[in-house]
Structure formats: C-alpha cells, structure tokens
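Please study the sequence and the structure before reading on.

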Amino acid sequence: TTLFRSVFKHKKIMKKIIPFFPFIIILNINKLYSYVVFPLKTLPKDSYIFSQKNNEKSIVKKMFYSDVYTVFGIGNSQNIPIFLSVTQSIFQITSALSEETRDEPEVYNLTSFFQNNGKLSFFDEDKSPSFKYNDEIKSEDKKTCLGNDTIAFYNNLELNNPQYLNINFELLLKFQKENVSGEIGLAFPDKDSDNYNLLEKSNLLYQFKENKLINNYNWFMLYDKWNNVEGKLVLGAAPHDLFPKKYSKDDLIFANSIFDASSGHNWKIKFRDISLGGFHLKNLTTELIFDSEIIIGPREVDDLLLKLFLQDEIKNKNCFQGSFYQKAHYITTLKYYYCDISIKNELYEALPNIKMNSKEFNYTFEINKDDLFYTEGNYVYFKLLFFIEENNIWLLGKPFSLKYQFVFNPDSKQIGIYNPDYIPEETGDNSIKKKVWLVLIIILLCVIFTVLGVIIGKKIYGLRRKQKANELNDDFEYVSASEVTKGGNQENNNIDDKDKCTKEELEY
C-alpha cells in the first residue's frame, strides 16, 4: 500500500511537471545556442577609385582590395553600410551632420554605391527619435562622442524576424579621410589604450555579451566558398553549435594567436614549416586578413620564384613586373607579376602549391595554385604579391582565411579550427618530464636486472662449486683394511717392478 501511494504521488507530480518540459527544453536550447547574425557583402569593384582604369596595376589592385561590409538598420529604419574590421575594437558610425570639409578619398568611390535619396548613406541622428547622447564619455577634441540608438540584428541564419537592441557607438563628428560611413571592430580593446573607456563602452561583442544575447566571445565568418560575394558573420557561437552534423565540438582545436602590440590586434599564426614544392622557407609567421583576395609573401619567396622560372620568363619578355603603394596593410610597396596568356600552362606547372604545417593544430594547410592565378584579357596575373622591403611575415587573404573554417575568440586571443584527426604532440615541460621519467625507469630497470643477475649468478656459481666438491669426493677410492692385506704382495711386486725399471733406465 505504501509503495502504491508513493508511485501514485509521483505520478501526480509528474503530471504537473510534464506541461513545463517544452518550456524547459526551449530555455536550454536558447542557453546553448544564443548567437547574433549579420549578413555580409563584398564591396563591388566599381566602388574603388582605380576601377575606372583598365591597366595592369588597376587589375591587381582590384584583387588586392576586397572589403567586406554589412548594412545596419539604425533608429528609424536608417540603413547604414558599416565596414568590417578584425583589427579594430571600436564600433564607429559617421554622422551625416559632420563638418562638410572632406578630404578627397584615395581608395573608395562610394558616391554611386552608398546612396540614399541622392545622398551618401550617413547616419542622421536628428532624424532618429530613439537616438540619445551618452554623457558618460565626452571627447575633448569634439571630433567624436558616445551615442546610443536602436540597431537591428538577427538570431537565426535565415535572417528573418529581426531583433532590436539599444547599443552604444562612437559617433564621428568629423568625416574620415575615406568618407566611410562606419566600421565594426571585432577585436578587444587594449586596457593600456588612452581611450580604453570609449573602446570598451562601444565594443559590439562586449555589449551583446553584457545583454546576455550571446554566451561567449567566439565569432566566425560563414561562406559557402571563399570567393563568394555574400556570407554571414556569426557572433557568440562556433560552427559545431549550429551545424552539429558537419562539425564536432571534440574536433575543435584552439591555439594562441601571436600578439604584437606594435601591429595591433591582428590574428597571427606561426607555422612549424612552410614549403613550396621541395623548398622549405624560413619565414613562418603569418597574419590572416579578410579584405583581400591576395596572398602576400616575404622577399624570400620572391627570390625563390625568380630563380625557379620567373627570371627566365622576364628575360624572354613573357612575364613582367610592377608595384604599387598601399596603406591598408603595413604601409609599404607591394610587387606583382603578370605574364602573357600564351605561357599559362607553363606557369601552372612551374608554380608549386604552398603548404603550411602547424604544430599546435597538428594540421597541414594548403594554398592551391588554382587560387593563385587570375586571367583577364591577354594576361595571367599572380595573386601572390611580395613585400619590396624586408618584412618577415605572410599576409594570408581570402584564399586562406575564408577557405578554412576558423573560429576566433578575442577575449582569450585564440584561433580555433576543426581537425578530426588531431593527435596532440608533447611539447615543453610535459615532454621534458616524460623524458626524465623514461630515463629514470631505464636506470631503475638496469639496477633491478643487475641485482637479479648478481643473485642468480651467486646461486648458479654456488651450485657449481658444490658439484665440483662432490665430484672430487666421488673420484677418491676408499679401500678397506682387508683389501689392503690381500693385495699387499701385489702392491709390493708393483713397487719392485717399478724399481727395476728405474734401475734399467739408469744403467742404460
């Protein structure tokens, strides 16, 4: 009876709880998969000043510049294009009410592209009833201030049913040189920065996390192919959270990004080995960039390719070289090559794939030669450019940075990638400890075998000594007294014979 009452009581409790199960499950799903999505687009080639020209330099620069942006819905449905930056940490929006004195841009021609009612799409705070100034931080030079307004975002990959959040951003009260309408920084602010408070208050990732719209600081870019012009930016999740059938959490390996305060918050990987065919290179530090279709190598690679085949083709006037100055990545001059289309097949055979082996990821990445050529008109262009000055670093653009599904965490300053075949390698202290233990075990085994050898040897040697003693006793003949008496005459005769023999020998 007691058991029946207990079961009946639990059934009544279960009936009360069961209706809440779907709600509990939904809460857990939201907790596990809280993320934010923004659509990404690639800036059209005619949005660059040099696109109007059709010379070789312009063609190379159109491959070099490949900016990514998203369109923000701000305030009363003002759609503002915002550029993406992985090296900056601030969220900036340029005010349409900024001073009219604008410098001539050197790179962008956004007049025809970013237009809204015949004007460039800049944010007009006076036309937004939800905009307000955040008085926590004020700029002394009156070039910027901290603003706050409602922005639209998505929490699903289908990009439907937009969500809204009041968010801080740095409102630029003076136009930047290139007249860009805004920029999202996906890095984390440096605490040693003079304007750290402004950077932290306007950091997009930080604000989404503070509002519990994301559970962590992971972010990644989602593209079907690296050269697609459209993709998605996902904040607060990793690919295995959204695509568990394609990616496994157990296969996600993180490694520390190389941090260099002098070059900003760039994402860098140092490889164990970089090779072109059978040639192994010395410059192993690389930086991931997302606004270029180009791979940029150090002079060492340039010298190698010249020796392999380019120098001869330049002498035969089948290939040519040029250069251009840029400030987008390391203010420097870049060298490029282009060749006559008639030797396209020879170039393809001569240029090896680039392989990069990482110790931390225990993985070999590859830049395929198919991604390093571009044909237009009568020429084949190399999408592999080179630093003219000494710069011991690689810049890996979209053929690498978007080809592989990386995951980034600016809080831990780590880069992740999925490797189902990952086998950890022992390094550092663990490796030393294992070697020490191995030596100690070998020494201990040697001592044990030595002691055992001595003990066994003593036992064997002792048995042999005893055996020899017994053998000596067995060889000794015991004769009784009676036997001595009976054989006495015989013995005496033997002695006499011996004596006789001796005498004869002496006489002889």
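The model discussed here is predicted. The loop that joins β9 (163-172) to β10 contains S181. Is S181 buried or exposed? With a relative accessible area of 2%, S181 is buried, since the cut-off for that class is under 20%. A polar atom of the S181 side chain lies 2.5 Å from the backbone oxygen of P81.

## Strand β10 and its two partners

Strand β10 covers residues 182-185 and pairs with strand β3 (residues 78-85) in the parallel sense, over 3 bridges. In this pairing, F83 stands opposite E183 of β10.

Strand β10 also pairs with strand β4 (residues 91-94), here in the antiparallel sense and over 3 bridges. Opposite I93 stands G182 of β10.

## Helix α7, a bent helix

Helix α7 comprises residues 299-315. A straight helix of 17 residues would span 24 Å, at 1.5 Å a residue, whereas α7 spans only 20 Å between its end C-alpha atoms. Where does α7 bend? The bend, of about 65°, is at K307.

The buried residues of α7 are V301, D302, L304, L305, L306, F309, L310 and E313. After the helix comes K317, which has a positive phi, near 60°.

## Salt bridges across the chain

The structure holds 5 salt bridges, and three of them are described here. In one of these, the side chains of K45 and E293 meet with an N to O distance of 3.3 Å. K45 lies in the loop between β1 (36-42) and α3, and E293 in the loop between β17 (285-288) and β18, so the pair ties together parts that are 248 residues apart in sequence. K45 counts as partly exposed, at 28% relative accessibility, whereas E293 is buried, with a relative accessible area of 19%.

A salt bridge also links K327 and E106, whose closest N and O atoms are 3.5 Å apart. Because K327 lies in the loop between β19 and β20 and E106 in the loop between β4 and β5 (115-116), this pair ties together parts that are 221 residues apart in sequence. K327 counts as partly exposed at 43% relative accessibility, and E106 likewise counts as partly exposed at 43%.

Which residue forms a salt bridge with D302? The partner is K335, with the closest N and O atoms 3.0 Å apart. D302 belongs to helix α7 and K335 to strand β20, so the pair ties together parts that are 33 residues apart in sequence. D302 is buried, with a relative accessible area of 5%, and K335 is buried as well, with a relative accessible area of 15%.

Conventions
Residues are numbered from 1 along each chain as its sequence is written. This is a predicted model: local features need pLDDT of at least 70, side-chain atom pairs count only at pLDDT 80 or more; totals for chains, interfaces and linings use all residues. Side-chain values use heavy atoms; hydrogens and water are left out. Two strands pair if DSSP finds at least two bridges between them. Helices (H or I, at least four residues) and strands (E, at least two) are DSSP runs, numbered from the N terminus. The expected span of a helix is 1.5 Å times one less than its number of residues. The bend at a residue is the angle between axes fitted to the seven residues ending there and the seven starting there. Buried means under 20% relative accessible area, exposed over 50%, partly exposed in between (1.4 Å probe, protein chains only). A polar contact is a pair of N or O atoms within 3.5 Å; within protein, one must be able to donate a hydrogen and the other to accept it, and residues adjacent in sequence count only if both atoms are side-chain atoms. A salt bridge is a side-chain nitrogen of Lys or Arg within 4 Å of a carboxyl oxygen of Asp or Glu.
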